[in-house]
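Dear colleague,

Please find below the structure that I am handing over to you. My notes on it follow directly after.

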Amino acid sequence: MAVPKPYTYYVPEEWVSEIKFGVRVEVQFGQSRLYTALVIDVHHHAPEGHQPKPISAVVDEQPLINPMQLQLWRWRADYYCCTLGEVMNAALPSNLKLASETLIALSPVFDGDVTDLSEKEHIVVQSLTAQNELSIEDLRKILDQKTVYPLIKSLLEKKIIYLQEDLKTKYSPKTVGCVRLCEPYASEPDRINEAFDKLTRSNRQEEALLAYLQLIKKQEFIRKQDIYDLAKVDSSALTAMAKKGIFELYEREVSRLGGYEEETIDSEELAPQQEEAISKLQAHFETKNVALLHGVTGSGKTRVYVELMQEAINRGEQVLYLLPEIALTTQIINRLQKIFGDKIAVYHSRLNNNERVELWKQILEGKPIVIGARSALFMPFTNLKLVIVDEEHDPSYKQNDPNPRYNGRDAAIYMANTFDAKVILGTATPSIESYYNAKAGKYALIEMPERFGGLELPETIITDVKQELKERKLQAHFTTTLIDELKAALERGEQAILFQNRRGFAPTYRCTTCGWHSECIHCDVSLTYHKHFNALKCHYCGYQTQLPTACPACGNKQLTLIGFGTEKIEDELKIYLPEARIARMDLDTVRTKNAHTQIINDFEERRVDILVGTQMVTKGLDFDNVGIVGVLSADQLLQFPDFRAGERAFQLMLQVSGRAGRKRKRGKVIIQAMNTASPVLGEVLRNDFFSFFQREIQERHEFQYPPFTRLIRITLKHKKPETLNDGAKIFAKTLKSQLGEWVIGPAVPYVGRVRGYFLLDFLIKLPRDSQKIRYAKDTLLDAIQALNTSEGYTTIRVNVDVDPY
């Protein structure tokens with residue numbers, strides 16, 4: 001439970017010797033509820049005016065957090081206008097936050113052996129065997145004792161019990177298709193000639209067996225893909241050999257965290273550009289703590305990171321490597337795991353709570369390398385000296401809900417400063433703010449303008465959808481150029497990636513007579529048609545309904561689907577390219593970790609010719625056979641009502657373009673657009689980041705947007721629009737009386753109702769002056785407090801987003 005401020009309890013004499021900073025204690029909060037609380041101070045000043053309650057027990061022997069961590073928590077709470085309790089709630093794994101109502105159950109891995117259990121632990125196991133699940137309050141009654149948290153902690157550590165939520169989010173391992181010899185050839189190698197005798201009529205199968213025998217001398221296990229690559233055969237050869245009893249095809253668990261990448265990047269030889277980047281970084285770090293590494297896609301930035309990580313761990317230091325979304329970057333993770341082995345801890349949201357606690361303790365004990373998404377910033381580092389923020393421009397680094405709404409990149413820079421650590425911000429498409437800071441001299445700037453191995457950047461072609469529509473050449477949603485290039489690529493044996501940043505089949509279901517269109521009953525958005533489910537779905541709240549057979553407004557039965565998403569692209573590609581093997585990667589097909597890695601593996605092992613996807617396909621993917629990348633609707637990216645729309649569009653198009661031609665030869669990028677005159681498209685065409693930056697920064701300066709100002713967005717939410725509007729007037733009056741023209745709003749946002757709550761936005765636009773920003777934040781918190789205590793408006797929710805991104 002996130003409480004807004006620390007509370008004081010007194011320590012009974014029996015616990016005085018065990019109480020210390022950073023341990024958990026069992027405390028009563030309210031009339032009867034018991035929680036584990038974290039000790040952040042031990043002092044001798046009794047509070048005035050009331051008698052503090054005693055702590056019931058000390059749960060831990062050693063501290064779970066260190067003082068530097070608490071300092072970072074306090075900064076995050078202060079900077080992002082939230083409470084210390086909310087930060088703690090986000091930071092600690094659930095297993096460390098036990099409460100009376102927490103449900104526990106027997107772990108699926110418990111084998112029933114109770115010989116080493118204490119009497120009370122035995123009673124808990126018996127009770128759970130009989131009742132499946134119990135709350136901690138139930139256990140208190142069964143054991144007839146008030147203090148049970150130390151017992152719960154012991155059973156969790158022994159993996160005898162799980163929190164009930166763990167069982168629902170149990171983590172699935174990743175497997176990869178492998179090959180091994182059947183008996184008797186596996187145990188009697190001398191009989192391998194008998195296997196060759198069975199293959200005399202098939203040269204391809206003989207080649208596959210020879211490849212296997214060659215590979216097994218060097219590798220512990222053989223992937224199917226290894227044989228495909230060496231013997232130049234496909235899956236039909238291996239399937240036939242399995243039927244003949246020569247090969248056994250099986251799935252092998254290669255890593256709990258995802259894809260297996262055979263490409264080696266730990267070569268001792270660095271390219272001249274990489275050596276130059278490393279020497280420049282080391283030189284700049286003598287005077288600056290933050291460096292922006294601006295390298296085009298495929299320039300070998302990861303190799304630079306590896307070299308500096310190795311130097312850091314050789315000095316006995318810790319390294320934090322941040323990635324925007326851990327699930328979408330399995331290739332990078334496994335590449336690093338191959339180099340650093342068990343020196344790496346990977347922290348992310350898909351770990352169950354027991355695994356999170358284990359990782360927490362490993363990092364507290366000094367684990368050298370931590371790879372993770374933004375939540376890894378909460379880990380208890382002790383000797384952090386290098387922080388790498390890969391793809392620093394990515395919006396996924398921003399936490400949107402719930403509090404704290406922090407930016408992982410900015411929080412990483414502050415944390416590194418606290419530890420006196422160095423920061424590398426790496427990207428092919430820097431954020432405007434970071435590049436501005438680098439040009440202003442606040443950060444060091446290192447450029448890597450060439451692709452590794454001298455490979456050319458892809459050729460970019462912009463095709464005019466409006467012109468093709470006018471000339472009746474457009475084939476569904478594909479221009480002639482795109483279809484022709486896809487056909488040519490498939491004939492050359494190459495693969496393609498098509499990018500459309502909208503999932504589903506069609507975003508609108510409309511009546512041709514009166515203009516009615518299907519809308520969510522909880523949100524002010526159109527329902528998207530999903531063909532696979534034959535249903536209309538809301539992408540904001542998950543509401544789902546069947547397609548109406550007639551218009552609810554006028555009764556007309558001529559209803560039509562308008563627009564297109566990834567599902568429709570996949571569907572229509574099968575008409576124009578019937579021989580192509582097509583897969584789709586979006587939120588609908590990647591509901592689980594295994595589903596995502598299976599798609600990646602299928603594409604990597606060339607069982608898929610064309611991959612259609614949302615922005616997932618722009619992140620962390622590195623395939624050596626992609627010849628064509630297509631952007632289906634550039635206009636959609638550019639027309640979003642946000643001052644960062646141009647920046648996001650430029651970044652997404654360049655990032656997805658970077659998937660083309662990364663290894664062997666130059667790739668080709670086809671961008672479809674209605675408005676081909678957009679300056680952003682011209683800059684993408686020339687791969688001209690500097691011109692884009694110059695134009696964008698001039699516009700930002702003219703209209704006073706970041707990096708020239710600081711923004712705070714406040715969203716008021718309520719289920720009754722009348723209450724919301726009246727409350728917003730009071731809130732606006734309080735704010736504007738103190739902050740004047742800095743306050744803009746209230747205004748209805750782009751989507752004015754979500755999950756049944758009506759929304760109103762305020763924007764505070766502040767000069768870059770720390771004292772004025774502090775004054776504005778204090779005023780804002782006072783205004784929220786005044787609104788929350790005003791009669792009739794206490795149920796209005798207020799969300800504060802500092803530096804919205």
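In this predicted model, Y529 has L536 of strand 21 as its bridge partner. Strand 21 covers residues 535-537 and is joined to strand 20 by three bridges, the two strands running antiparallel. Both belong to an open sheet of three strands, in the order 20-21-22 and with antiparallel pairing. Strand 20 (528-530) and strand 22 (544-545) form the edges of this sheet, since each of them pairs on one side only.

Is S56 buried or exposed? Its relative accessible area is 17%, and S56 is therefore buried, the cut-off for that class being under 20%. Apart from neighbours within four places in sequence, the residues in contact with S56 are W15, E26, L34, K146 and T147.

I also draw your attention to the second largest pocket, which holds about 1,000 Å³ of space. Its lining comprises 41 residues, and those nearest the centre are Y7, Y9, A37, L38 and V39. At least two lining residues come from each of strand 1 (24-29), strand 2 and helix 2 (84-91). Which classes of residue make up the lining of this pocket? There are 29 nonpolar residues, together with eight polar and four charged ones.

With kind regards

Key
Residues numbered from 1 in each chain as written. Predicted model: local features only at pLDDT ≥ 70, side-chain atom pairs only at ≥ 80, totals over all residues. Heavy atoms only, no water. Pairing = 2+ DSSP bridges. Helix = DSSP H or I, 4+ residues; strand = E, 2+ residues; numbered from the N terminus. Buried < 20%, exposed > 50% of the residue type's maximum accessible area, 1.4 Å probe, protein only. Contact = heavy atoms within 4.5 Å. 1 Å grid on protein atoms, 1.4 Å probe; cavity = no way out; pocket = protein on both sides within 12 Å on 5 of 7 lines; lining within 4 Å. Points joined across faces, edges and corners; volume = space filled by probe spheres on them. Nonpolar A, V, L, I, M, F, W, Y, C, P; charged D, E, K, R; others polar.
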